[in-house]
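Q: I'd like to learn how to read the features of a model like this one. Could you walk me through them?

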Amino acid sequence: MGHEIESAALNRGHFVKLIVDKDNLQDLNERSTRDINAAIEFTTPETAFENVVRCLKMNIPVVCGTTGWLQDYDKAVSVCNENKTSFIHSSNFSIGVNILFRLNAELARQMSQYGDYKPYIEEIHHTKKLDSPSGTAIALASGIVNQHPGYDGWCFENKKTDKKIPVKSRREGMVPGTHTITWDSEIDSIGISHEAKSRKGLAFGAVIAAEYIQNRKGVFTMNEVLGF
């Protein structure tokens, strides 16, 4: 993802001043980050929160695409507001996936009138993806919950319970990411899906988000970035 983000930023005429990974964490300091307009954070669930907070405390707007750490999301929001800077987190910065989020919510709203249909989510990712299910799958489940009174959360496929949306996760090869939402009944099935062909869509969306927040203050979502 780092290489893809760098490429996307350069293609849009930006200059990448600093790249930080596990081998040079000490470079994430006020001297090295001077004059940086925005930071884009794609790391691991274990390190994301600390990285985000360090940047926000240096008044650097932050775009974060790391999933699996959102138990600390509200703390990051507080740090952002305290330091009067900007922050955006998304489980998926792909423009196509954000359109899928919108379609998913509308389909769930329509399906709330038809109790015979039951939702099911499947996500497929590469074997190196650390969290399961994906943050995108969890976001899709939340989109259904927000629009359908018959559901209040998600569960793993093999632990089905009432009012929970079953989610199946598969890890294989180097698949960038596929998400499918199916509403199934005895009569028929309705499905919508998104298949990423590479990580370029994620990188492009993250750079677009960085452009959006760099001169703004507050906490934003991709709906605002894309004008939904």
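Predicted model: local features only at pLDDT ≥ 70, side-chain atom pairs only at ≥ 80, totals over all residues.

Q: Which residues of helix H2 are buried, and what covers them?
A: The general idea comes from helix geometry: an α-helix has 3.6 residues a turn, so residues three or four places apart point the same way. In H2 (residues 48–57), the buried residues are Ala48, Asn51, Val52, Val53, Cys55 and Leu56. Their cover includes strand S1 (39–41), S2, H3 and S3. Just after H2 comes Asn59, with a positive phi of about 60°.

Q: Which way do the side chains of strand S3 point?
A: In a regular strand the side chains alternate between the two faces of the sheet. In S3 (residues 86–89), Ser86 and Ile88 point one way, while Phe87 and His89 point the other way. All four of these residues are buried.

Q: Which strands does S3 pair with?
A: One partner is strand S2 (residues 62–64), which runs parallel to S3 and is joined to it by 3 bridges. Within that pairing, Cys64 has His89 as its bridge partner. Another partner is strand S9 (residues 218–220), again in the parallel sense and over 3 bridges. Here Ile88 stands opposite Phe220.

Q: What handedness does the unit of S2, H3 and S3 have?
A: To read it, look with the strands pointing away from you: if the path from the first strand over the helix to the second runs clockwise, the crossover is right-handed. S2, helix H3 (residues 73–82) and S3 make a right-handed β-α-β unit.

Q: Where does Thr85 sit, and what does it touch?
A: Thr85 lies in the loop between H3 and S3. It is buried, with a relative accessible area of 3%. Leaving aside residues up to four places away in sequence, Thr85 touches Leu56, Asn59, Ile60, Pro61, Cys80, Arg216, Lys217 and Gly218.

Q: Which residues have the most contacts inside the largest nonpolar core?
A: That core has 18 residues, and those with the most contacts inside it are Ile121, Leu140, Ile144, Ile165, Ile181 and Trp183. Helix H4 (95–111), helix H5 (135–147), strand S6 (164–171) and strand S7 (178–184) each supply at least two of its residues. The largest share, 6 residues, comes from H4. A second, separate core of 16 residues includes Leu28, Val52, Val53 and Trp69.

Q: What does Ile144 touch?
A: Not counting residues up to four places away in sequence, the contacts of Ile144 are Asn104, Ala108, Pro119, Ile121, Tyr151, Ile165, Ile181 and Trp183.

Q: How many aromatic pairs are there?
A: A pair of aromatic rings is described by the distance of the centres and the angle of the planes. The whole structure has 6 such pairs. In one of them, the rings of Phe49 and Trp69 have centres 6.2 Å apart and planes at 35°, so the pair is tilted. It links distant parts of the chain, with Phe49 in H2 and Trp69 in the loop between S2 and H3, 20 residues apart. Phe49 is partly exposed at 23% relative accessibility, whereas Trp69 is buried at 1%. Tyr151 and Trp183 form an edge-to-face pair, 6.5 Å centre to centre with 75° between the planes. Both residues are buried, Tyr151 at 11% and Trp183 at 0%.

Q: Which strands pair with S7?
A: Strand S4 (residues 118–125) pairs with S7 in the antiparallel sense over 7 bridges, with Ile124 bridged to Thr178. Strand S8 (residues 189–195) also pairs with S7 in the antiparallel sense over 7 bridges, and there the partner of Trp183 is Ile190. S7 and S8 form a hairpin with 4 residues between them.

Methods:
Residues numbered from 1 in each chain as written. Heavy atoms only, no water. Buried < 20%, exposed > 50% of the residue type's maximum accessible area, 1.4 Å probe, protein only. Pairing = 2+ DSSP bridges. Core = buried A, V, L, I, M, F, W, Y, C linked by side-chain atoms within 4.5 Å. Contact = heavy atoms within 4.5 Å. Phe/Tyr/Trp six-rings, centres within 6.5 Å; stacked < 30°, edge-to-face > 60°.
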